[in-house]
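Open the model in your viewer and keep the selection panel at hand. The stops below cover charged pairs, then aromatic ones.

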Amino acid sequence: MSRAVCQTCGRPQKVCICDFIQPIENLVEIGILQHPSEVKQIKGTALIAQLSLNRSQFWVGEDLAELPGLVDWLKSSPNIYLLYPEIENQEEAYSSFYIEEVVKVLEPLNGVEAIKVLVLDGTWRKTFKIMQLNPQLRALNRIELNPVLESKYRVRKQRDTKSLSTVEAIYEVLSQLESNAEKYQPLLDAFDLMQNQQLAFR
């Protein structure tokens, strides 16, 4: 007998997260490229951001050649930044900015509403593979984070407390770019509730 699945979040009913979600009117648009291995990962956190944020786009895949919607999105603005740390053996030239530098450049123009940020969702190994497959991504200007908070990921192994889950990284980007941590606290609240839900089954 098949398990009942929530039609909104796509998770089994017993681990539905819809009650944890609070809608957020974000100014900075977020794009999420999820590695296929994360789609059925019950510990994944990108879904929280996808359901919460009013301005968000979502794609699943590895190769941009198979994701025309993402390719069009990357062409839609000159102010799209990739949230990803510097990697060794960089083949393409790119510029890396901290949050404050991005805001300083764009505020005199259209404000933070002009900014779009692409986030890769997956393990470090999987996102590195995505980077290697796609020179378009390696050529994007990047945003580097100075996280305000340490990771609170309790149900999945992280390299260290500075290695953030996807939803924590999105929280940091949005709260810093828009200078409004309180506005984005519901992302972390939903993340905590989701983890409590999973820990209750252990």
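Select Glu62 and Lys129: the two form a salt bridge, with their closest N and O atoms 3.4 Å apart (a salt bridge is a side-chain nitrogen of Lys or Arg within 4 Å of a carboxyl oxygen of Asp or Glu). Glu62 sits in the loop between S2 and H2 and Lys129 in helix H4 (residues 124-133), so the pair ties together parts 67 residues apart in sequence (helices, H or I of at least four residues, and strands, E of at least two, are DSSP runs numbered from the N terminus). Lys129 is partly exposed, at 41% relative accessible area (buried is under 20%, exposed over 50%, partly exposed in between, with a 1.4 Å probe and protein chains only).

This is a predicted model: local features need pLDDT of at least 70, side-chain atom pairs count only at pLDDT 80 or more, and totals for chains, interfaces and linings use all residues. Residues are numbered from 1 along each chain as its sequence is written, and side-chain values use heavy atoms, leaving out hydrogens and water.

Next, select Arg55 and Glu29, whose side chains meet in a salt bridge (3.2 Å, N to O). Glu29 is buried, at 8%.

Now go to Trp59 and Trp73. Their ring centres are 5.3 Å apart and their planes at 55 degrees, so the pair is tilted (rings of Phe, Tyr and Trp, its six-membered ring, pair with centres within 6.5 Å; planes under 30 degrees apart are stacked, over 60 edge-to-face, the rest tilted). Both Trp59 and Trp73 are buried.
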